[in-house]
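The paragraphs below begin with the overall form and then move to the ligand and its surroundings.

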Amino acid sequence: MARISASVYTSHVPAIGAAIDLGKTGEPYWQPLFKGYERSRQWLKENTPDVIFLVYNDHATAFSLDMIPTFAIGTAAEFTPADEGWGPRPVPKVIGHPELAAHIAQSVIQQDFDLTIVNRMDVDHGLTVPLSLMCGQPQAWPCPVIPFAVNVVQYPVPSGRRCFMLGQAIRKAIESYDQPLNVQIWGTGGMSHQLQGPRAGLINRAFDNAFFDQLIADPEALSNKPHIDYVREAGSEGIELVMWLIARGAMADVADAANGVPGRHVPKLVHRFYHVPASNTAVGHLILENT
Ligand code: DHB
Ligand code: FE
């Protein structure tokens, strides 16, 4: 059977992608940020999964106000890096895993979550920047990736609670797939940032670090945080953080707690990193391994 070996969490700022693509990672502004991911790139080389299930948000690139799926799973064989206005990023195309994606869609929909099935979709910085941060500039990404897009752009957005429950359903789906695949689940976006209005530029270090602490130690309690608290404390784009709860909900300790046997598989904290600023955003990054 397939299994989830680890979860990875990271911000996805587009300027990070531009810094990588334009060879600026060694500049004083960027160097401390990329240093924080050196260990992660080494870890991913040593722990390359068979598939990455990558939770991210589309930024009115593949979707627009014409069509707003709350949760969309990419079932295609490949996904092209999107043109977000400056031409597509010079990064490899994303190879999907249609068979596992279709199985997850079947299982998760049968577990009463409504997913939109997407057979053709370009992927924007929300997906490609986390891959670049974790993999550098390879000729090809190290494994197939299943894109899972969450609407955190246009209200109404899903609650943290629903995202956390969805992560648990995704875990069940992956564990019922009849192939011995090693799957990582990545939760991306965040941390605190606001891109418009009178509070543009808002960063809240105390909120971000408390979010880290609770995500690691008590994600169930964190999942009850109402969306308005994200907006008030982490800024209008801070709501992207609910996507981290999908990845966290898919970890083994959450399944144990739901099954009444807590404490069996406490995740191992491999890496925790926080850096301000990157463009308008506080960058946060975590790696948790299942034990
Ligand atoms: C920035 C951050 C984002 O999450 C995003 O989607 C676009 C821009 C920024 O900080 O510039
Ligand atoms: Fe964003």
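In this predicted model, the radius of gyration of the chain is 17 Å, and this agrees with a compact globule, because a globule of 291 residues would have a value near 19 Å. Along its principal axes, the C-alpha trace of the chain spans about 45 × 40 × 40 Å. Within that span, the secondary structure of the chain comes to 11 helices and 10 strands.

Where does ligand 1 sit? The space that ligand 1 takes is the largest pocket, and the residues around the ligand come from several parts of the numbering, including His12, Val13 and Pro14, then His59, His125 and His193, and also Ala278, Ser279, Asn280 and Thr281. Leu195 and Glu240 also belong to the residues around ligand 1.

A polar atom in the side chain of His59 lies 2.7 Å from an oxygen atom of ligand 1, while the side chain of Ser279 has an N or O atom that is 2.6 Å from an oxygen atom of the ligand. Asn280, by contrast, is listed here with its backbone, where an N or O atom lies 3.0 Å from an oxygen atom of ligand 1. Taken alone, ligand 1 exposes 290 Å², and the protein buries 89% of that area.

Notes
Residues are numbered from 1 along each chain as its sequence is written. Chains are lettered from A and ligands numbered from 1 in the order in which they are written. This is a predicted model: local features need pLDDT of at least 70, side-chain atom pairs count only at pLDDT 80 or more; totals for chains, interfaces and linings use all residues. Side-chain values use heavy atoms; hydrogens and water are left out. A residue is near a molecule or strand if one of its heavy atoms lies within 4 Å of it. A polar contact is a pair of N or O atoms within 3.5 Å; within protein, one must be able to donate a hydrogen and the other to accept it, and residues adjacent in sequence count only if both atoms are side-chain atoms. Accessible areas come from the Shrake-Rupley method with a 1.4 Å probe; for residues, only the protein chains shown count as cover. On a 1 Å grid over the protein atoms alone, a cavity is a set of points where a 1.4 Å probe fits but cannot get out, and a pocket is an open set with protein on both sides within 12 Å along at least five of seven lines; lining residues have an atom within 4 Å of a point. A molecule sits in a cavity or pocket if more than half of its atoms lie within 2 Å of its grid points. Helices (H or I, at least four residues) and strands (E, at least two) are DSSP runs, numbered from the N terminus. The radius of gyration is taken over C-alpha atoms; the globule rule is 2.2 Å times the number of residues to the power 0.38.
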